[in-house]
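Let's take a walk through this protein together, from its overall build down to a few individual residues. Please have the sequence and the 3D view open side by side.

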Amino acid sequence: MAYDVQKTDEQWREELSPEEYAVLRQAGTERAFTGEYTDTETEGTYSCKACGSELFTSDTKFHSGCGWPSFYQPMTDTVEYIEDTSHGMKRVEVRCATCGSHLGHVFPDGFGTPTGDRYCINSISITLSEKK
């Protein structure tokens with residue numbers, strides 16, 4: 001897919017820390033319960049750390065206990081979905097629709113949420129802009 005933000009691998013490596021690059025550009029995962037936004041309740045908007053596109057709002061964030069920030073829905077058309085059969089599992093990868101960076105996965109187990117979905121997102125792949 002062609003993305004609005006396209007950079008070479010070298011450009012991504014220059015702009016992102018090694019840890020950010022491993023998650024955002026190589027579909028890695030940060031360790032559970034270690035991310036900056038796992039338990040935060042700060043109001044605001046979460047954007048892609050790679051390109052700055054707004055992805056989620058704090059009013060869709062919930063405590064799922066999974067070890068990563070969880071949201072029940074993204075902002076309209078901000079993410080894309082890719083079938084992921086790696087690691088012997090069948091799941092749905094979530095990427096930024098603007099730059100193609102890996103954010104996490106979405107699961108149909110967001111019980112008690114309006115959508116029934118749990119977007120399990122790596123803290124390292126997003127940045128929070130606090131509501132003023």
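What follows starts with the whole chain and then moves on to a sheet, a core and a cysteine.

Keep in mind as you look around that this is a predicted model. The protein has two helices and nine strands.

How does the overall size compare with that of a compact globule? For 132 residues, such a globule would have a radius of gyration near 14 Å, and the protein has 14 Å, so the two agree. Along its principal axes, the C-alpha trace spans about 40 × 40 × 30 Å. The accessible surface comes to about 7,400 Å², with 46% of this belonging to carbon and sulfur atoms. Of the 132 residues, 47% count as buried. Among contacts between residues at least 6 apart in sequence, 52% join residues at least 24 apart.

Now turn to the strands. Three of them form an open sheet in the order S2-S1-S9, with antiparallel pairing. S2 and S9 stand at the edges with a single partner strand each, so one side of each has no neighbour in the sheet. On average, neighbouring strands here are turned by 30° against each other, direction ignored. S1 and S2 are joined in the antiparallel sense over three bridges; look for Thr45, whose bridge partner in S2 is Thr57.

Next comes the interior. In soluble globular proteins, nonpolar side chains tend to be buried together. Here, the largest nonpolar core has 21 residues, and Leu55 and Phe56 have the most contacts inside it. The elements giving two or more residues to this core include helix H2 (18-24) and strands S1 (44-48), S2 (54-57) and S9 (126-130).

Finally, find Cys66, in the loop between strand S3 (61-62) and strand S4 (70-71). Is Cys66 buried or exposed? Its relative accessible area is 19%, and buried means under 20%, so Cys66 counts as buried. Leaving aside neighbours within four places in sequence, Cys66 is in contact with Ala32, Phe33, Arg118 and Cys120. Cys66 and Cys120 are 54 residues apart in sequence, and their C-alpha atoms are 7.9 Å apart in space.

Terms used
Residues are numbered from 1 along each chain as its sequence is written. This is a predicted model: local features need pLDDT of at least 70, side-chain atom pairs count only at pLDDT 80 or more; totals for chains, interfaces and linings use all residues. Side-chain values use heavy atoms; hydrogens and water are left out. A nonpolar core is a set of buried Ala, Val, Leu, Ile, Met, Phe, Trp, Tyr and Cys residues joined through side-chain atoms within 4.5 Å. Buried means under 20% relative accessible area, exposed over 50%, partly exposed in between (1.4 Å probe, protein chains only). Helices (H or I, at least four residues) and strands (E, at least two) are DSSP runs, numbered from the N terminus. Two strands pair if DSSP finds at least two bridges between them. Axes are lines fitted to C-alpha atoms, for helices over the stretch in contact, and angles run from 0 to 180 degrees between N-to-C directions. Contact means heavy atoms within 4.5 Å. The radius of gyration is taken over C-alpha atoms; the globule rule is 2.2 Å times the number of residues to the power 0.38. Accessible areas come from the Shrake-Rupley method with a 1.4 Å probe; for residues, only the protein chains shown count as cover.
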